[in-house]
Amino acid sequence: MTLHRLSSFIYQVPDVAEVISYYTEFGLTDNGDGSLATVDGGTQLHIEQGPYRRISSIELGADDPDDLARIASSLTALGIDSVLDQNRLVTTEPIMGLRVEVVVQDRVAQTTVPRAPVNGTGRVERVNTRAEGILRDARVRPRRLGHVALVSGESDSSLKFFVDGLGFKISDYAGDKSSAFMRCSPDHHNVAIFGGPASFPHHSSWQVDDVDDIGRGAEDLLTANADRKGWGFGRHYAGSNFFWYLKDPAGTFSEYYADMDQITDDDLWTPEVCEGKSGLYTWGPVPENFMPPGDIADLIAAQNN
Ligand SMILES: [Fe+2]
């Protein structure tokens, strides 16, 4: 695969300090310069001041300068400009105005975290001791950025940009194929695009070790402030991942996830059109004000100012 990861993104918000404080509580490390880091992925989130919440830029990792030349050629075929400078290609997604930088960089090497023994029906893995997951007391710290989910005012064009222009693969569609989960790595999705009345960020998603860390992270955030309630605990159909979403102070959801589908052979994965319930989840019903989020009217008004 040409690309190998979603490396980072720039997130514009009206109040930078409160959002940095939130994501520090979420478990990221505050670098002190407006950026935050994960344990395995390094600096992956940059916070900037802006009039309303918006993901203005994403950075993607590629293996080789030749990959950038191929992407530039594909974008040209779509009539989209790009600037290629040795190890960096910069372009702009035309609908959302999303700046995309593709950079030649190393892949993230993650250390294997052993799976905790789990007892099941007729399957005893842990005896005479409590579950390791209930004994953890260290703060949950996300391992790496997994994906961003963006709502586009013209999602068909946005999907074309990512698939035909950048080389993303479709893992699953949602609804009438105007929404899709796309990958640029073995993760089931690194970017999800949903159709909507305007363009705005829906959520970012961060990998943690397992369901206990999803639960522990969400518990800490909700205990401190119940208004952060988003959606969880649940399990998605598209991607199979367990999840819990918490709302950040600017109104974008932040997701803890674990157990995401990994696709290493395109020929062995068949994209489905996930309609109705399976488009969003397999269990754990969707609450109100999640899709669309509760601030959608205010957001559209702010964008039109
Ligand atoms: Fe997600």
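Modeller: Both His203 and Glu255 are buried, where buried means under 20% relative accessible area, exposed over 50% and partly exposed in between, computed with a 1.4 Å probe on protein chains only. The model is predicted, and local features need pLDDT of at least 70, side-chain atom pairs count only at pLDDT 80 or more, and totals for chains, interfaces and linings use all residues. Residues are numbered from 1 along each chain as its sequence is written, and side-chain values use heavy atoms, with hydrogens and water left out.

Because His203 lies in strand β13 (residues 200-207) and Glu255 in strand β16 (residues 253-258), the pair ties together parts that are 52 residues apart in sequence. Helices (H or I, at least four residues) and strands (E, at least two) are DSSP runs, numbered from the N terminus.

Strand β13 also holds Gln207, which is buried, with a relative accessible area of 17%. Apart from neighbours within four places in sequence, Gln207 is in contact with Gln110, Pro142, Arg143, Arg144 and Tyr257; contact means heavy atoms within 4.5 Å.

We now turn to the pockets. On a 1 Å grid over the protein atoms alone, a pocket is an open set of points with protein on both sides within 12 Å along at least five of seven lines, whereas in a cavity a 1.4 Å probe fits but cannot get out; lining residues have an atom within 4 Å of a point. The largest pocket contains about 1,100 Å³ of space, a volume being the space filled by probe spheres set on grid points joined across faces, edges and corners. Its lining has 37 residues, and Val113, Pro114, Val208, Asp209 and Asp210 lie nearest the centre. Helix α4 (211-224) and β16 are the elements that give two or more residues to this lining, and α4 provides the largest share, four residues.

The second largest pocket has a volume of about 250 Å³. Of its 16 lining residues, the closest to the centre are His4, Arg5, Val108, Arg144 and Ser185.
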